[in-house]
Amino acid sequence: MGRMREDGDTGIVTVRQEIADYIKNNPATAKDISKAVSQQEKDVYFHLEHIAKSYGGTFRVILPECRKCGFVFSKKIGKPSKCPECDSTWITDPEYYLK
Ligand SMILES: [Zn+2]
């Protein structure tokens, strides 16, 4: 890391490629990815949406789960704030990877 990034489309493609490489067979949370590619967490989610589309079936999500009651969230990208079953905010971070 530490190298300069270009603005514009080329830069975005590069970041996406970096994220794709990083999560290849390596489930990682948005926070892990954010550190690995020096992007803000909210931008990581944005890139993941696109990676999910372009990689189709090889893009996998380990869904977040309520640690209190075991409820599994169905939302694909993004971190839920609260369990709809028990209102707990003790929720695992979703992990993303490419198979
Ligand atoms: Zn719950």
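**Contacts**

I started with contacts (two residues whose C-beta atoms, placed from the backbone, lie within 7 Å). Of those in the protein with a separation of 6 or more, 52% are between residues 24 or more positions apart. I noted that this is a predicted model, where local features need pLDDT of at least 70, side-chain atom pairs count only at pLDDT 80 or more, and totals for chains, interfaces and linings use all residues. My residue numbers start from 1 along each chain as its sequence is written.

**Elements**

I looked up the secondary structure next and found three helices and three strands. Helices here are DSSP runs of H or I with at least four residues, strands are DSSP runs of E with at least two, and both are numbered from the N terminus. Reading from the N terminus, I get the order α-β-α-α-β-β.

S2 and strand S3 (residues 95-98) run antiparallel and are joined by four bridges. I picked out two of the partners: Ile 62 bridges to Glu 95 in S3, and Arg 60 bridges to Tyr 97 in S3. On the other pairing, S1 and S3 are antiparallel over two bridges, and Ala 28 stands opposite Tyr 96 in S3.

**Core**

I then checked burial, where a residue is buried if 20 or more other C-beta atoms lie within 10 Å of its own, exposed if 12 or fewer, and partly exposed in between, with C-beta atoms placed from the backbone. Buried residues come to 14% of the 99 residues in the protein.

A nonpolar core is a set of buried Ala, Val, Leu, Ile, Met, Phe, Trp, Tyr and Cys residues joined through C-beta atoms within 7 Å. The largest one has nine residues: Ile 19, Ile 23, Ala 30, Ile 33, Val 37, Val 44, Leu 48, Ile 51 and Tyr 96. Helix H2 (30-37) and helix H3 (41-55) each put at least two residues into this core.

**Helix H2**

Which residues of H2 are buried? They are Ala 30, Ile 33 and Val 37. Leaving out residues up to four places away in sequence, Val 37 touches Val 15, Glu 18, Ile 19 and Tyr 22. Just after H2, I noted a positive phi of about 55 degrees at Ser 38.

**H2 against H3**

I got a packing angle of about 100 degrees for H2 and H3, with their axes 9 Å apart. Axes are lines fitted to C-alpha atoms, for helices over the stretch in contact, and angles run from 0 to 180 degrees between N-to-C directions. H2 and H3 are therefore roughly perpendicular, a label for 65 to 115 degrees. Ala 30, Lys 31, Ile 33 and Ser 34 of H2 make the contact with Glu 41, Val 44 and Tyr 45 of H3.

**Gly 78**

Last, I found Gly 78 in the loop between S2 and S3. Gly 78 counts as partly exposed because it has 14 C-beta neighbours inside 10 Å.

Conventions: Pairing = 2+ DSSP bridges. Parallel < 35°, antiparallel > 145°, perpendicular 65-115°, else oblique.
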